[in-house]
Amino acid sequence: MIDIEITPLYVAVTALLMFVLAQLIGARRWTLRAGIGDAGDLKLALAIRRFGNLIEHAPILLVILFFLEVKGASDVFLHSFGIAFLLFRIMHPIGLFKDITVPTSQKVVRLIAVMGTYALYLVGAIKLLSYYI
């Protein structure tokens, strides 16, 4: 039987991040009494987008992490991948902005998060494929 020890840690932390982002949506919906959509409220739209972005990227990156662990990637590699994933997914909602007039530092945070996430896709896919080539 394969012993999976590392991936569940990152799944659990991702679930906590999802919980926090979902609570921010719920709190804003409650304040606005908005059940569907964003009620034309920019803060709610941003909260929804922040959660949605995590949901768009987390499943496949966590699946990649899982299969890397199954295929025997080193603990150092797995933790590096997992920590980078979490950092980029935490940085993205911080860097998400409503318009182009935000400080450059906020734009840089978002750019790093986006590019880092894309790099994880490539690194993870190439590493997985290396087990089959």
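Predicted model: local features only at pLDDT ≥ 70, side-chain atom pairs only at ≥ 80, totals over all residues.

Q: Let's start with helices. What span is expected for helix H4 at 1.5 Å a residue?
A: First, the general idea: an α-helix has 3.6 residues a turn, so residues three or four places apart point the same way. Now the case here. H4 covers residues 104–130, which is 27 residues, and the expected span is 39 Å. From the first C-alpha to the last, H4 reaches 38 Å, close to that value.

Q: And how does H1 do on that test, with its 26 residues?
A: H1 should span 38 Å at 1.5 Å a residue, and its end C-alpha atoms are 38 Å apart, so the two agree.

Q: Which residues of H4 are buried?
A: Keep that general point about helix turns in mind: residues three or four places apart point the same way. In H4, the buried ones are Ala113, Gly116, Thr117, Leu120, Gly124 and Leu128. Their cover includes helix H2 (42–70) and helix H3 (75–95).

Q: What about H1: which residues are buried there?
A: In H1 you'll find Thr7, Tyr10, Thr14, Leu17, Leu21 and Ile25 buried. These buried residues pack against H2 and H3.

Q: How many residues does the largest nonpolar core have?
A: The general idea is that in soluble globular proteins, nonpolar side chains tend to be buried together. Here the largest nonpolar core has 20 residues, and Leu68, Phe81, Phe85 and Leu120 have the most contacts inside it. The elements giving two or more residues to this core are helix H1 (7–32), H2, H3 and H4. H2 supplies the largest share, with 7 residues.

Q: Let me zoom in on Leu120. Which residues is Leu120 in contact with, leaving aside neighbours within four places in sequence?
A: Leu120 is in contact with Leu61, Phe81, Ala84, Phe85 and Phe88. Go back to the core and you'll see Phe81 and Phe85 listed, along with Leu120, among the residues with the most contacts inside it.

Q: Now for packed helices. At what angle do H2 and H3 pack?
A: In general, two packed helices are described by the angle between their axes and the distance between the axes. For H2 and H3, the angle is about 180 degrees and the axes are 10 Å apart. The pair is therefore roughly antiparallel, as angles over 145 degrees count that way. On the H2 side, the residues making the contact include Leu54, His57, Leu61 and Leu68. On the H3 side, they include Phe77, Phe81, Phe85 and Arg89.

Q: Are H1 and H3 roughly parallel or roughly antiparallel?
A: H1 and H3 pack at about 5 degrees, with axes 10 Å apart. That makes H1 roughly parallel to H3. Among the residues in this contact are Tyr10, Thr14 and Leu17 of H1, plus Gly82, Phe85 and Arg89 of H3.

Q: I've spotted His57 in helix H2. Is it buried or exposed?
A: His57 has a relative accessible area of 11%, so it is buried. Not counting residues up to four places away in sequence, His57 touches Arg89, Thr117, Tyr118 and Tyr121.

Q: So where is Tyr121 found?
A: Tyr121 is found in helix H4, and at 23% relative accessibility it counts as partly exposed. Besides His57, Tyr121 is in contact with Glu56, Ile60 and Leu61, leaving aside its neighbours within four places in sequence. Tyr121 and Ile60 are 61 residues apart along the chain, with their C-alpha atoms separated by 8.5 Å.

Q: Last topic: charges. How many salt bridges does the count come to?
A: The general idea is that side chains of opposite charge can pair when their charged atoms come close. The count here comes to 2 salt bridges. One joins Arg28 and Asp41, with the closest N and O atoms 2.8 Å apart. Arg28 sits in helix H1 and Asp41 in the loop between H1 and H2, 13 residues apart. Arg28 is partly exposed at 21%, whereas Asp41 counts as buried at 16%.

Q: Which residue does Glu56 pair with?
A: Glu56 forms a salt bridge with Arg49, the closest N and O atoms being 3.0 Å apart. Glu56 is partly exposed at 46% relative accessibility, and Arg49 is partly exposed at 34%.

Terms used
Residues numbered from 1 in each chain as written. Heavy atoms only, no water. Helix = DSSP H or I, 4+ residues; strand = E, 2+ residues; numbered from the N terminus. Expected span 1.5 Å × (residues − 1). Buried < 20%, exposed > 50% of the residue type's maximum accessible area, 1.4 Å probe, protein only. Contact = heavy atoms within 4.5 Å. Core = buried A, V, L, I, M, F, W, Y, C linked by side-chain atoms within 4.5 Å. Salt bridge = Lys/Arg side-chain N within 4 Å of Asp/Glu carboxyl O. Axes fitted to C-alpha atoms, helices over the stretch in contact; angles between N-to-C directions. Parallel < 35°, antiparallel > 145°, perpendicular 65-115°, else oblique.
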